[in-house]
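Subject: A structure to look at, with notes

Dear colleague,

Please find the sequence and the structure below, and keep them open while you read the notes that follow.

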Amino acid sequence: MANVAVVVGASSNLGYQVLKQLGSAYKGKIYYTTEDESTGYSIYENLKEYSHLEYFRVDLTYTKSIINFRHHIQDLDERIDLLINVTDHVPEKQLSSVDKVRRILAVNFYGYINFGKLVYPLLTRNARVVNVSGPAGLLATIENEAIRKRISDPKLTEDELVAVLQDFEEAVKRGIQKTEGWGHSMHAVSKVALAAVTFLQHREWSDKGVIINCVNPGNVSSREHRKSTKAFEEGAKTILYLALEAPLTVKGNFVWSNYNVIEWNSDPFLEVTTV
Ligand SMILES: NC(=O)c1ccc[n+]([C@@H]2O[C@H](COP(=O)([O-])OP(=O)(O)OC[C@H]3O[C@@H](n4cnc5c(N)ncnc54)[C@H](OP(=O)(O)O)[C@@H]3O)[C@@H](O)[C@H]2O)c1
């Protein structure tokens, strides 16, 4: 049985840098996935020097594509000892709020939960999982304290988390998400939800030795400012640190771009608290 690494959602500049650095650091086979097939193959062309990279198309909103990926790995009798999730969905500006929230959550929340259910059973004992978040994923981006309490309950179940996000969708439908205190960005709520999923998965998988964390890759510039690769290289280094080097005591944590474990409840607009 061979061990492999997986990078999900590799077509962003950050994902590309992660693949490049992982290509040098990880000697086994590395699967990388994108939703868009042509981007996936062009990455393959650009990173030909790393002959141990293998492309697979996965759309997190399409269960069959996740199942195909799972079957592929199972058929080759492979197991995953490293999984990095870089996926993100930022919807087109012209969509209605209701369509935006549906699409964001379909990828960043429901899609990743589904991916975890189908693919995590292929993780090895002691595998590491890194979910890429950002400052938006800090709990304090949600203004309402009662909502923050619900989502950060250390005993929260998946059903309860889904119910929180359904309440959010309902608030968006009624146009009252800001007055209810969900904060100013639907995308940020999805990143908070991804952090909550990370901690939930940690609780579920830690007794099997699996180490799951989320990370803020730092000052990664936006889609409009993608000319400099420096920020992406640095962001990828933080991700790789967590994926390959961080002490085993770092688990079920939110890790900041300076490699420190921080409180999920830090205020993103003030200096973050390290623990
Ligand atoms: N940009 C920033 O300033 C910043 C700051 C801090 C943290 N981050 C985090 O860093 C990560 C990368 O950010 P980015 O801005 O570089 O991301 P991005 O360009 O939006 O790329 C996200 C990735 O997600 C994939 N994806 C989208 N929809 C998908 C779906 N339905 N199924 C499967 N994959 C899908 C995309 O693949 P396709 O292209 O094939 O659709 C792409 O590979 C994200 O998690 C983001 O939250 C970003």
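Which residues in helix 6 meet which residues in helix 7? Before the reply, two remarks on how to read the model. Residues are numbered from 1 along each chain as its sequence is written. The model is predicted, so local features need pLDDT of at least 70 and side-chain atom pairs count only at pLDDT 80 or more, while totals for chains, interfaces and linings use all residues.

On the side of helix 6 (residues 158-174) they are Glu158, Leu161, Leu165, Phe168 and Val172, and these meet Met186, Val189, Ala193, Ala196 and Leu200 in helix 7. Helices here (H or I, at least four residues) and strands (E, at least two) are DSSP runs, numbered from the N terminus, and two residues are in contact if their C-beta atoms, placed from the backbone, lie within 7 Å. The residues of this contact divide into nine nonpolar, no polar and one charged, where Ala, Val, Leu, Ile, Met, Phe, Trp, Tyr, Cys and Pro count as nonpolar, Asp, Glu, Lys and Arg as charged, and the others, Gly among them, as polar.

Two packed helices are described by the angle between their axes and the distance between the axes. The axes of helix 6 and helix 7 come within 11 Å and cross at roughly 175 degrees; they are lines fitted to C-alpha atoms over the stretch in contact, with angles running from 0 to 180 degrees between N-to-C directions. That makes helix 6 roughly antiparallel to helix 7, a term for angles over 145 degrees, whereas those under 35 count as roughly parallel, 65 to 115 as roughly perpendicular and the rest as oblique.

A nonpolar core is a set of buried Ala, Val, Leu, Ile, Met, Phe, Trp, Tyr and Cys residues joined through C-beta atoms within 7 Å; a residue is buried if 20 or more other C-beta atoms lie within 10 Å of its own, exposed if 12 or fewer, and partly exposed in between, with C-beta atoms placed from the backbone. Not counting residues up to four places away in sequence, valine 192 touches Gly137, Leu139, Thr141, Ile142 and Ile151.

Tryptophan 264, in the segment after strand 8 (261-262), counts as buried because it has 22 C-beta neighbours inside 10 Å. Leaving aside its neighbours within four places in sequence, tryptophan 264 is in contact with Leu138, Leu139, Ser152, Ala195 and Phe254.

The ligand is surrounded by 29 residues, of which the closest are Gly9, Ser12, Asp36, Asp88 and Gly134; a residue is counted as near if its C-beta atom, placed from the backbone, lies within 6 Å. By class, this shell has ten nonpolar, 14 polar and five charged residues, and helix 1 gives the most to it, with three residues.

Finally, please look at two residues other than glycine with a positive phi. Aspartate 77, in the loop between helix 3 (63-75) and strand 4 (78-85), has phi near 55 degrees and is exposed, with 8 other C-beta atoms within 10 Å. Asparagine 126, in strand 5 (residues 123-132), has phi near 70 degrees and is exposed, with 11 other C-beta atoms within 10 Å.

With best wishes
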